[in-house]
Amino acid sequence: MLTDSDLDDAMMREALRLADEAAHHGEVPVGAVVVSADGVIIGRGFNRPLHQHDPTAHAEMEAMREAARHLGNYRLPGCSLYVTIEPCAMCAGAVLHARISRLVFGAHDPKTGACGSVVDLFSQNRLNHHATVVFGVRAEECGDRLKRFFQERRRNGKLLQVE
């Protein structure tokens, strides 16, 4: 039987694979998976805002949309969301609205992170739902993907744009 730590590691590896897919398409390398209470992946996503011309097409949103379609419900109670980087305010808000039970992320995001780095939506007692937040799973690997992506962009003088 898998421990929480083993499951976290395996699911973050899948999120990292999806982050690589995003990078392959010229998107910021962020990947996410939604996992049901019984440990089955029911939603996958990677960043697509550039190609979809959609500011909400973050990896987390894509994974939650797929999971919601899979369950036939916009609420995802008992589910866990795994994402390679700390969610922004939009994605953290969606996690709250979806009633995700557990959020696991890799690297902190000191510029837009809404789980403690810039703000912490999950610590707001006035909100009616709270997810358990776990961070640091494969953090170095998650952060390195982002660093390499942006270093390469700067080296090539490319802004974020559809290629």
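First, the ground rules. The model is predicted, so local features need pLDDT of at least 70 and side-chain atom pairs count only at pLDDT 80 or more, while totals for chains, interfaces and linings use all residues. Residues are numbered from 1 along each chain as its sequence is written, and side-chain values use heavy atoms, with hydrogens and water left out.

A pocket here is an open set of points on a 1 Å grid over the protein atoms alone, where a 1.4 Å probe fits, with protein on both sides within 12 Å along at least five of seven lines; lining residues have an atom within 4 Å of a point. Volume is the space filled by probe spheres set on the points, which are joined across faces, edges and corners.

The largest pocket has about 570 Å³. It is lined by 23 residues, and V28, I85, D109, L146 and F150 are the closest to its centre. Two elements give two or more residues to that lining: α2 (49-52) and α5 (139-156). Helices are DSSP runs of H or I, at least four residues; strands are runs of E, at least two; both are numbered from the N terminus. The largest share comes from α5, with four residues.

Now the second largest pocket, at about 180 Å³. Of its 12 lining residues, D4, L7, A37, S80 and Y82 are the closest to the centre. Both α1 (4-24) and β3 (80-85) supply at least two residues of this lining.

On to the interior. Buried means under 20% relative accessible area, exposed over 50%, partly exposed in between, using a 1.4 Å probe and protein chains only. A nonpolar core is a set of buried Ala, Val, Leu, Ile, Met, Phe, Trp, Tyr and Cys residues joined through side-chain atoms within 4.5 Å.

The largest core has 32 residues; V34, M64, L76, L81, I100 and F122 touch the most other members. Two or more residues come from each of β1 (31-35), α3 (59-71), β3, α4 (89-98), β4 (102-107) and α5. Apart from this core lies another, of 15 residues, including A15 and F46.

What does L81 touch, leaving aside neighbours within four places in sequence? Its contacts (heavy atoms within 4.5 Å) include V34, A63, V95 and I100.

Last, α4. Seven of its 10 residues are buried, among them C91, G93 and L96. The cover over them includes α3 and β3. Just after α4, R99 takes a positive phi of about 65°.
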